[in-house]
Amino acid sequence: MNYTHPMTFKEGEGMGHHTRKDVLHTFQMNFFAMSLLNTFPWDAIILPPIFWQTCLHPICLKNPPYLKYTIRFLTELIKRHKMFAAEPLDVLYEALGEVMCAQEEDMCYKTYLLPTGDAVSLAENVALISQGTTGLVTWEAALYLSEWALENTHIFKNKTVLELGSGIGLIGIVVCRSSSLTKYIFSDCHQTVLQRLKDNIKNCLTNCDSNRTSVCVEELDWENVSDEQLQEYRPAPSLPLLSRLLNCKVQEEHPDVYIASTVRNPQTYDCLKTELGRFHIINNILFYSVPQVFPYNRASTIEMIKIYV
């Protein structure tokens, strides 16, 4: 598909302090992660580069976003183009026609760009709850914990990490791609989640030349895990299980345990803190200023705690 139409928005017009490169990068990050359309800098729109850097980018062609999302995005692009150009942009209409005829699926890809420019493309379910689990999508706390890990790569150096409830794998994949750790153990208990997790690890780590960390995926039922398993994992990660985990020594050292929580209901979160105290677990809030790397809504309070016995 050839596309040589001139840019339809004058260089710098309406862009304020944003540079052309900044605008393109913001559009790309937001589109890859399927951000809400009202978060895009539409006032600084630049065509055709935006079209090439989103819908036709090789990452999206290989790991496409949700069809309905792409339709809404293209519809908005066409609307904006009409506001600034007299001639129709055939390639946009052609692309819209193609995605409208494509078969819709319950799975799509969200891609998150790391500060290095590397892309992490995860297969996620469209619905927040499906097949009896919430583990097939990426939640805000996982994005926040991943950003915290990017700022604190030294914590993971030469460590073995056990992640409880890995879901589709964002945190572990980010840690493995950014830190010099010894081993990372992903874990979950839902069979569909475990299979999706394995697929994402294969796509983002196993097939990645830069990853040298030993990784494995374990089915871990929090109610039935044995002390032998905890000893074998030798974790240094991110309520009875936590108590046992904290009391599990390896070479006379207790593991470090970190928890990230989105505080949607303060009363429920207070109950968690109360239960931690009932098991004689001390929690310290980590008052880090974590730079936002990924495009998501931080309106809800997300709290990081480190727990001890």
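I number residues from 1 along each chain as its sequence is written, and side-chain values use heavy atoms, with hydrogens and water left out. As the model is predicted, local features need pLDDT of at least 70, side-chain atom pairs count only at pLDDT 80 or more, and totals for chains, interfaces and linings use all residues.

**Cores.** I looked up the nonpolar cores (sets of buried Ala, Val, Leu, Ile, Met, Phe, Trp, Tyr and Cys residues joined through side-chain atoms within 4.5 Å; buried is under 20% relative accessible area, exposed over 50%, partly exposed in between, with a 1.4 Å probe and protein chains only). The largest has 41 residues, and Leu 122, Trp 148, Phe 156, Tyr 184, Phe 294 and Met 304 have the most contacts inside it. Elements supplying at least two residues each include strand E2 (119–125), helix H8 (191–206) and strand E8 (301–308); helices (H or I, at least four residues) and strands (E, at least two) are DSSP runs numbered from the N terminus. H6 gives the largest share, eight residues. A separate core has 32 residues, among them Val 23, Phe 27, Phe 73 and Leu 74.

I then listed contacts (heavy atoms within 4.5 Å) of Met 304. Leaving out residues up to four places away in sequence, Met 304 touches, among others, Tyr 144, Trp 148, Tyr 258 and Ile 285.

**Cys 189.** I found Cys 189 in the loop between E4 and H8. Its relative accessible area is 44%, so Cys 189 is partly exposed. With residues up to four places away in sequence not counted, Cys 189 touches Leu 194, Glu 219, Leu 220 and Asp 221. Gly 167 is 22 residues from Cys 189 in sequence and 9.3 Å from it in space, C-alpha to C-alpha.

**Sheet.** I traced an open sheet of three strands, ordered E6-E8-E7, with antiparallel pairing (strands pair if DSSP finds at least two bridges between them). E6 and E7 (282–285) are the edge strands. E7 and E8 share four bridges, and Ile 282 has Tyr 308 in E8 as its bridge partner. Helix H11 (residues 266–278) lies across E6, E7 and E8, at about 5° to E8; axes are lines fitted to C-alpha atoms, for helices over the stretch in contact, with angles from 0 to 180 degrees between N-to-C directions.

**H6 and H7.** I checked the axes of H6 and H7, which come within 9 Å and cross at roughly 15°. H6 is therefore roughly parallel to H7 (angles under 35 degrees count as roughly parallel, over 145 as roughly antiparallel, 65 to 115 as roughly perpendicular and the rest as oblique). Residues meeting there include Ala 142 and Leu 145 in H6, and Leu 170 and Val 174 in H7.
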